[in-house]
Structures are given as structure tokens and as C-alpha cells.
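Me: I have a structure open here and would like to understand the words used to describe it. Could you take me through them?

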Amino acid sequence: MTADCSALTGEQVDAYLERIQLPNAYRRDQHPTLDLSFLSRLQGYHISAIPYENLSLHYAKVVKVSLDVAELHRKLVQRRRGGYCMENNILFHHVLLFLGFEVYLTGARLFRVRDGKPAGWSGWEHSVNIIIFGQQRYLIDVGYGGNGPRSPLPLVDGSTRKNIGTQAIRLVYEPLPGSRQRQWIYQVRNAEDQPWIHNYAFTEMEFFQRDFEVMSFFTSHHSDCFLTSHVLVVRYLRAGDEVYGKIVLEDDKIKKNEGGKNMLVQTCMSERERVEVLRDQFGIELTEKEQKGIQGRISALAISNS
């Protein structure tokens, strides 16, 4: 695949690489080798610069999530916002295409948990990239939030990698309950003495833009989707090339994990506090119109009069 397959221009890709603060040695004019090392850096720098966030589902009078690549670039790069899974992974996909990687997108099913108990598999609600190096394929995901991978994961049954702190991730290849077809299941384990937990499952079938537009309409509007009723923002922490932790805003609580357990940092008591946290901790500046858009929603906090 070549840059002709990408919906981005060279100038837009350069702006993206500047946005994620990729070292100059890996910029386009240096012609970096298209290998796993370069890919890993792109992934790590993306997730530590561009947050996972679903604020467009809450801080807006009318919810409308665009997956148009130009709009994604305007939002995530020019406005320095973030996005949820499809926004992040589609933009990243077109960057990889422009740079010359062989990559395609596919959909994934999420494993649901309600009230601390397993609730089964969802429909197609998530997106991931699959990249091809010769005969080997790799999972690339920059849009899963708090338990996402920080580096490429080979599509090999039982393939296990260290993630952040004591967390490990792996892929297993087996059928979902009630299905005869085997799928790749992405699992996470937070310590060696803890069980592996399902996160999402995907096949190797290519999905197209229209597929994600249908999926995104559900995830941005349906009450059965967690994202429509809860505010969630995640930014990974990086030192040099190493992604070592994360900071998370879930509704009113800010938690930080620096390679160990989640630690509560702050509880927002008002919308003003939360907007300040979004600016100071995640680099997200909401316009006045966006701030007013959450009024009347179930996800709104108290409105400060000060």
C-alpha cells in the first residue's frame, strides 16, 4: 500500500507527527525504516499525546461524531482533542497508510461487565488495526482506553507481552460461546496471580468506512452503550520512548497509575473543576459552547456559580 491509499496529505501527516512529538529521527524527511521498532514508537507516542475521550457525547447539545478523516485530523491534531476508538484508530490507520505500512482495519466485539459480573459479548463496537509484515500479522490499537496495548501484538495463539507495570496482555484464538468460528481474543491480566480477563474479540476480516459509521452511530447514541452515560478520558504517560503509566478521568474521579495500582488523585465537585482537569491534565480545551452542551445530561456535574 502507498500514500495514495491514505486520505491524508504530507502536510497533515507532518502536523500529526508534530502533535505526537515524535523525535526528529523518525520524521518523514529522515526516511525511517518501516519496521516494528518504528511502529512501536508511533503507537507509544500516539497514545501518550492523543487521549482516548468520549467528550463529544456529553459536551454537545447535539451529538454527532464524524469519522471523516479530514474532520478527525482537524479535531485530534489541530484542535488537540482526543477521540474514542474509531476516531483514534481510523486517523492512525491513514497515517500508517501514508507512511507506507501494509495495514487494514477490522471491527471488534467488547466483553461486557455489569455490576462486577460478566455480561457477555457485545456486537461490533470497537475498531482495531491489523498490520502485515511478510507472513506475520500484528494487532495495533491506539483507541481502547485504559487497558489497551502499548506496542504491537503478533497474531499468534497464546502470544503474551508485558504491558504497563505488572500488567500482561495476550491473544488467544478460540470460538466465542455459541459460535463455531474462532476469533482472536485480547485478554489482560494485572498480576501473575490473577486470572486472564476478556477485553475484546476480533476476526481478520477487513471492515470499511461505512461499517464503522454504522457502529459509531450505535456507540454514540444507544443507551445500552456505556459511553453515552459516562465521561471517560485516558492519556498514557511516557518517559522517553517508554510508556509507563496512565491518567484516567471517569465521570468525576481522576486516577493515576504509574506502573502499579490506580491511585485516586482528585474528585471533581463541579463542572468547572472537571473542565479545569481536562485542560491541565489532558490538554483538552473545551469551548464555551461545548461546556454548555452538557447541561441537563445525566453525566453533568454541579454547575459552579463562582
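Predicted model: local features only at pLDDT ≥ 70, side-chain atom pairs only at ≥ 80, totals over all residues.

Me: What lies at the two ends of H3?

Reply: At the start, a side-chain oxygen of Asp68 comes to within 3.2 Å of the backbone nitrogen of Ala70. A polar contact is a pair of N or O atoms within 3.5 Å, and the Asp68 oxygen is within 3.2 Å of that nitrogen. After H3 comes Arg80, with a positive phi near 60 degrees.

Me: Why is Leu8 called buried?

Reply: Buried means under 20% relative accessible area. Leu8 has a relative accessible area of 5%, so Leu8 is buried. This residue sits in the segment before H1.

Me: Which residues is Leu8 in contact with, leaving aside neighbours within four places in sequence?

Reply: Leu8 is in contact with Val13, Val69, His73, Leu91, His94, Val95 and Phe98. Val69 and His73 are also listed among the buried residues of H3.

Me: How do you know that E3 and E4 pair?

Reply: Two strands pair if there are at least two bridges between them. Five bridges join strand E3 (residues 117-133) to strand E4 (residues 136-140), and the two run antiparallel. As an example to look up, Ile132 stands opposite Arg137 in E4. Both strands belong to an open sheet of eight, in the order E5-E4-E3-E2-E9-E8-E7-E6. The edge strands there are E5 (153-154) and E6 (159-162), each pairing on one side only.

Me: What lies across E3?

Reply: Helix H5 (residues 209-221) lies across strand E2 (103-114) and E3, at about 145 degrees to E3.

Me: What makes E1 and E13 edge strands?

Reply: Their sheet is open, with five strands in the order E1-E10-E11-E12-E13 and antiparallel pairing. Strand E1 (52-53) and strand E13 (263-267) each have a single partner strand, so one side of each is left without a neighbour in the sheet.

Me: How many bridges join E1 to E10?

Reply: Two bridges join E1 to strand E10 (residues 232-239), running antiparallel. Pairing asks for at least two bridges, so with two bridges E1 and E10 count as paired. Tyr52 has Val234 as its bridge partner in E10. Helix H2 (residues 36-49) lies across E10 and strand E11 (242-250), at about 130 degrees to E10.

Definitions and conventions:
Residues numbered from 1 in each chain as written. Heavy atoms only, no water. Buried < 20%, exposed > 50% of the residue type's maximum accessible area, 1.4 Å probe, protein only. Helix = DSSP H or I, 4+ residues; strand = E, 2+ residues; numbered from the N terminus. Polar contact = N/O pair within 3.5 Å; in protein donor to acceptor, adjacent residues only side chain to side chain. Contact = heavy atoms within 4.5 Å. Axes fitted to C-alpha atoms, helices over the stretch in contact; angles between N-to-C directions.
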